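This report looks at how two chains meet and at a few side-chain pairings. Have the sequence and the model open as you read.

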Amino acid sequence: MKVSLFITCLCDTFTPDVGKDTVELLERFGCEVDFPARQTCCGQPAYNSGYKSESIKGLKQMIKAFEQSEYVVGPSGSCVHMIKEYPKVLADEPEWAERARKLAGKTYELTQFIVEVLNVKDVGSTFTGTATYHPSCHMTRLLGVKDAPRILLENVEGLNLIDLPLKEDCCGFGGTFAVKNSLISGEMVQEKAEHIGETQADYLIGGDMGCLMNMGGRLRRNGQEVKFLHIAQVLNAQ
Amino acid sequence: MSIKIGQKSYGDRIQDGLSNSFMRKAVSGAQGRFRSGRLKAAEELGDWEDWRTLGEEIRSHTMENLDYYLHQLSEQVENRGGTVFFAKTAEEANEYIQEIAKKKQAKKVVKSKSMVTEEIGLNKALEKSGCEVVESDLGEWILQLDEDPPSHIVTPALHKNKEQIRETFMKKKGYTGSDDPVELAAYAREQLRQDFLEADIGVTGCNFAVAESGAITLVTNEGNARMVTSLPDTQISVMGMERIVPTWEDLEVVVSLLTRAAVGQKLTSYITALTGTRLEDEVDGPEDFHLVIVDNGRSKILGTEFQSALHCIRCAACINACPVYRHVGGHSYGSIYPGPIGAVLTPLLDGYEDHKDLPYASTLCAACTEACPVKIPLHEHLIRHREIIVEREKMTTKAEKMMMMGFAKWASTPAAYKLSTKMARTTLKPWTKDEYIEKGPGPMKGWTEQRDFPAPSKERFRDWYRQREQRSDH
């Protein structure tokens, strides 16, 4: 099976390890992986801020970058959901909307791809530690991927997973919201950090780098010694 | 009062909300109760998603045929001895009601909670024409005594606790009892009883009007609406033009959704249906009944991409689910309609000028959309508002516009994108310490005021991948 990696701008720039783990995970299940180098950002920061026409320029670049791919897989529920929105964003340009539909149809979030397409529920990884999982909003509510991460994490050997109180509450990231409404965002992520603290977990696991950077940054600011990990890092741990 | 409350800027209102730890505790506690109640009620029903679909269908069918149902409603109300007045604006509605009060030489008006009368500022208008107006919903009564606007659609005084309420009663009414909620409620009941008996006119809102019968229905837990609708001889019901269902069967669905989504109740205490005037052989009901159907900007929403905002059944499930509301409270929205539905509805009814910050007061986490019992895509409406603010209203700053134009160029030009991610680490080096930035420059400031920012990695994923490919090639 040929899989094109959609690595997302945050993973590419800040956490390349997440990308590496994604590659290794997919290869472990026999996927032939490639990385279309002309990919950029999914366009979400502009689109969600109301700059639709500005976002469209980037969207078209992404469509072109993945046009030849069989499957597109990305380690981010939020960015993958943005790709699913492309046909709607490009509705006024039928030809582009059609190309967007094709891309949206073959794009998957990493854990969704593993569970639904590869039909794997146990990736055979070992990770010793106590962790809590934050189900990010766009992954669960908008993309509808609720079970896949949980199924995969439950099968990780050695992982002691503790439920996060009020886990369904947003961490306060929200893209530009974290900057534009910085005060409210700070209170939201503080409440999240307190809940993470209550679990007494050593690790915070998430499926979206944006949310992890937000929560991880606040945990560090608070002096809370909780390490944050992307789910790909846990699933690829041996 | 009108939709807009207060004159403070968005920033000041947010500061006020965030620094009110007392209100925040009350709000997060209530949210917890409402949320778990809603989830439990939905679970008990078993087929919540089917109910939501049915609710959405009823609401969208009604909106698509609103002219038909409004016509049917007004005919039915008139057949039953009532008078219908279509008010295009808040002023028209107020003038009409003032006129009735004048004709009746009314001195006292009792009201049963109504958001739309808040929206049009009816109390002030009636007071101007010499009437004393008494809110009879406990929460509204407390707020009226305290001259405070509502902060929630269903529980307007959510931001106050029993100690504050006791203080208000002491200061404004000479109350001497304790802060025991039962005692406070008993005191309010005793005070209000006199007002019900003395009132010349009863004013109610309208949860839903039933088009086929011309009935105005009210969903309450306190029974105050029954007093308002059965004691005074003159009744005036004020409704937003969208608060209508075609049939009693439809009413059953939306009321079931309303009580469950609002606070997790299977049933409400009272559903009052007011159908026309008193007939000769009847013992109660008004001698004179008026239905005021308020447009006040609603028809502008019909037929637009925001039409589903009019589906709202005012259950406040979105407000109870919203993590932003949780921290800032209702007054921060500067509108009598707070929370996600407020952020969608307020700019539609009252324009963007005073409310352009509201669509951004959301992380687009979609908890609101998920909670809405009639499936209004609230977070999508917020994005659309942002587009309008940027593209049509041109209300954003030049700096932001420039930044987004830069973003467009960056995201559409792979070479520029690659170069910038390569340069990121070096560019941010002056601010980086131990692989983190604690005090970032320019647009990063908002981020680093609240949390640390990681330094860009030494090696990007794409560099690693290219080298890996090269290795495997040789």
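B:Glu380 and A:Lys88 form a salt bridge across the two chains, with their closest N and O atoms 3.6 Å apart. A salt bridge here is a side-chain nitrogen of Lys or Arg within 4 Å of a carboxyl oxygen of Asp or Glu. Side chains of opposite charge can pair when their charged atoms come close.

The model is predicted: local features need pLDDT of at least 70, side-chain atom pairs count only at pLDDT 80 or more, and totals for chains, interfaces and linings use all residues. Residues are numbered from 1 along each chain as its sequence is written, chains are lettered from A and ligands numbered from 1 in the order in which they are written, and side-chain values use heavy atoms, leaving out hydrogens and water.

**The interface**

Between chain A and chain B there are 13 salt bridges. Helix H11 (residues 182–199) of chain A gives the most to the side of chain A that touches chain B: nine residues. Helices are DSSP runs (H or I, at least four residues), numbered from the N terminus.

In total, 70 residues of chain A are in contact (heavy atoms within 4.5 Å) with 66 residues of chain B. The area buried between the chains is about 6000 Å², and carbon and sulfur atoms give 57% of that. Buried area is the accessible area (1.4 Å probe) that two parts lose on being put together, summed over both. In chain A, A:Tyr51, A:Arg220 and A:Arg221 lose the most area to chain B, together 12% of what that side buries.

**Rings and charges**

Ring pairs (centres within 6.5 Å) link A:Phe14, A:Phe173, B:Trp447 and B:Phe453 into a cluster. The structure holds 22 aromatic pairs over all chains.

Two charges sit over rings (NZ of Lys or CZ of Arg within 6 Å of the ring centre and within 35 degrees of the ring normal).

| Charge | Ring | Distance to ring centre |
|---|---|---|
| A:Lys84 | A:Tyr108 | 5.5 Å |
| A:Arg99 | A:Trp96 | 4.1 Å |

**Within chain A**

A:Arg150 forms a salt bridge with A:Asp147, at 3.4 Å between the closest N and O atoms. The two are three residues apart in helix H9 (residues 147–154), so about one helical turn separates them.

Conventions
Rings of Phe, Tyr and Trp (its six-membered ring) pair if their centres lie within 6.5 Å; planes under 30 degrees apart count as stacked, over 60 as edge-to-face and the rest as tilted.
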